[in-house]
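Here is a colleague's note to read alongside the model. Keep the viewer open and look up each residue as you go.

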Amino acid sequence: MTTKKSNEKIFARESSGLVKNFSSFDMLTFVLSFSLGSGILFFTVEIVGEYPGSIPIISLLIDLIPLFSAASVVYLLSLVLPKTGGQYVWISRILNPGLGYFINIVMWIGYCIIMGDVGYIGASFISSALTITAYVTHNLGIISLSKSFANPLADIIIAIVITVAFSLVSISGYKASKYAIYITFYLALLILIILDFNMLFSSSSQSSILWNHVFGGTSKSYGDIMSLSAAKGWTQKLIAPSLAASALASIPLVSSWSGFSHFSGWGVGEAKTPKRSMFMATFGAGLVGFTLMALTIYSYIHFYGLPFISRLEYVSSSVGLTPSIPLLGAVSISNIYILAIIASFIIVVFPMKDVFPSIIFQSRQLVAAALDRLLPEKLLYINKKGQPMIAQLITTIAIVISIIFVSPLLPLGVFVGSDLFTISLGLLQIFTSIAGILLPVKLPEVYKRAGKPINIEIGNIPLISILGVVSFSSWLFLLSESILGVLSSKVGLTVMPIVSAILGIVFLIYVGYIKKLQKEEGVDVSIIGAEIPPD
């Protein structure tokens, strides 16, 4: 490593000021809370219709390769350099500081936009939750109330209010944030598990009866869905098992629970015991996530059967129902009105609670770059509660702006946001993988003294390099498929120039900060990224 010159100030200060508060259970909870959101409620069901012949469980198993290989690299790198900002530090110190900065800020922007999207979607689902409640309770008058929430402006306001509330709690201190995340996540998770087990242990012969208990006498009855889907051309061929379809379905499904493969990296600098905490945040969260995803998929297939789910997907737009676990679960437990009503509203809570841990961990990305003086030093301000208040407020403001950006008020916003997020996540995973591959070469002394499991070798090849190659190959494929999907879409040629412009602006910001350090402060820019940042 390069030795710091006495007359040059590399870091904004000699400490980030953040306290190592996160326990192993905190890290596990924060990662799970972020990882399991709207995806487990919707994508697990939607792929049945969107990818005819796909077997959701097979798709889920395919996802294990890119997700667990990436999580393994994150785990090992976090033991080598358990620093605030995680991937920013690893990529900038092992590969290149400019590359680390570029991916860090692009990822931050991508996450802010996608969190705005998640917040808006959660608020917009209030209407869907009320609609499900109306049918479950046979009080169709509630539908008129649900329509009042089917309003973009109302959804924007609700999403902003909840996001700001989350931010205020996060600023108020570690304990308040921790318990708030625990409550919002575990209560919603408990309802999901109740629904899953109810469907799992109920007889499939009861599915049509309970469906008609809710929708009987309407155009959405079990018989109407069967006859309408047949009239529209549904055939048994649409559910004929296909390995190819399952492989294709694994691509969108991977985003439903990918958080454990990377999210914990940004918060590792505050983990009390990195080795144990990061194991829980990567492998632990991955195993729990896989179990919940598999349980959810198997439960609805057991109770309703693939043919009915496929038929429902086929005519969902015609009958005005969006297939989801809250819908299917509320129907299965419709004899218990109170529980069914509560179940309907996890459609709102599950997406929106993602914003909470994201504000906390995303702010650490800004802190890490500011510590290198590549963002304003004011972002390092730590309030009396030990929180990087300004970094969290900036992140909140970005998410609030994104809520408006992705709303129907700006039709292209949601496409730009989702595509930028997909590209930035792919880049993050790819270059984190490369950092893992090259760690033994670029930082040989650090690698050698790191100890096991970091320097385990198989046939003289470092384990971290092997895992990095698997992760790199998987995510390169996923990113390539995603970019091809964007370019072949109807809005692709419009969206990609906007995404490219955002990427270009981030690069120019980096160039501006480098010039500022070089000209105004006389810093040898070659040393930026050469030193390991302080805790």
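1. A search of the whole structure turns up two cavities of 30 Å³ or more. On a 1 Å grid over the protein atoms alone, a cavity is a set of points where a 1.4 Å probe fits but cannot get out, while a pocket is an open set with protein on both sides within 12 Å along at least five of seven lines; lining residues have an atom within 4 Å of a point. Grid points are joined across faces, edges and corners, and a volume is the space filled by probe spheres set on the points.

2. Before you go on: this is a predicted model, where local features need pLDDT of at least 70 and side-chain atom pairs count only at pLDDT 80 or more, while totals for chains, interfaces and linings use all residues. Residues are numbered from 1 along each chain as its sequence is written, and side-chain values use heavy atoms, with hydrogens and water left out.

3. Start with the largest cavity, which holds about 80 Å³ of space. It has 13 lining residues, and Phe22, Tyr174, Glu270, Arg364 and Gln387 are the ones nearest its centre. Helices α8 and α17 each supply at least two residues of this lining; helices (H or I, at least four residues) and strands (E, at least two) are DSSP runs, numbered from the N terminus. Sorted by class, the lining has five nonpolar, six polar and two charged residues. Here Ala, Val, Leu, Ile, Met, Phe, Trp, Tyr, Cys and Pro count as nonpolar, Asp, Glu, Lys and Arg as charged, and the others, Gly among them, as polar.

4. The second largest cavity has a volume of about 50 Å³. Its lining includes Ser16, Tyr88, Asp372 and Pro534. Helix α17 turns up again, giving the most to this lining with three residues. The class count is seven nonpolar, two polar and one charged.

5. Of its 44 lining residues, Phe43, Pro252, Ser255, Ser418 and Thr422 are the closest to the centre. Which helix gives the most to the lining of the largest pocket? That is α19, with eight residues. The lining splits into 23 nonpolar, 15 polar and six charged residues.

6. The second largest pocket has about 370 Å³ of space. Of the 19 residues that line it, Ile105, Trp108, Ile109, Ala398 and Ile509 are the closest to its centre. Helix α5 gives the most here, with six residues.

7. (The expected span is 1.5 Å times one less than the number of residues.) Among the buried residues of α7 are Asp155, Ile156, Ala159 and Thr163. Buried means under 20% relative accessible area, exposed over 50%, and partly exposed in between (1.4 Å probe, protein chains only). The face turned away from the buried side carries the exposed residues Leu153, Val161 and Leu168. An α-helix has 3.6 residues a turn, so residues three or four places apart point the same way.

8. Finally, some backbone spots to look up. Most residues other than glycine have a negative phi, and most peptide bonds are trans. Histidine 138 has a phi near 60°, a positive value in a residue other than glycine; it lies in the loop between α5 and α6 and is partly exposed, at 43% relative accessible area. Arginine 373 also has a positive phi, about 65°, though it is not a glycine. Is arginine 373 buried or exposed? Arginine 373 is buried, with a relative accessible area of 5%. The peptide bond from lysine 452 to proline 453 is cis, with omega near 10°, and proline 453 lies in the loop between α20 and β1.
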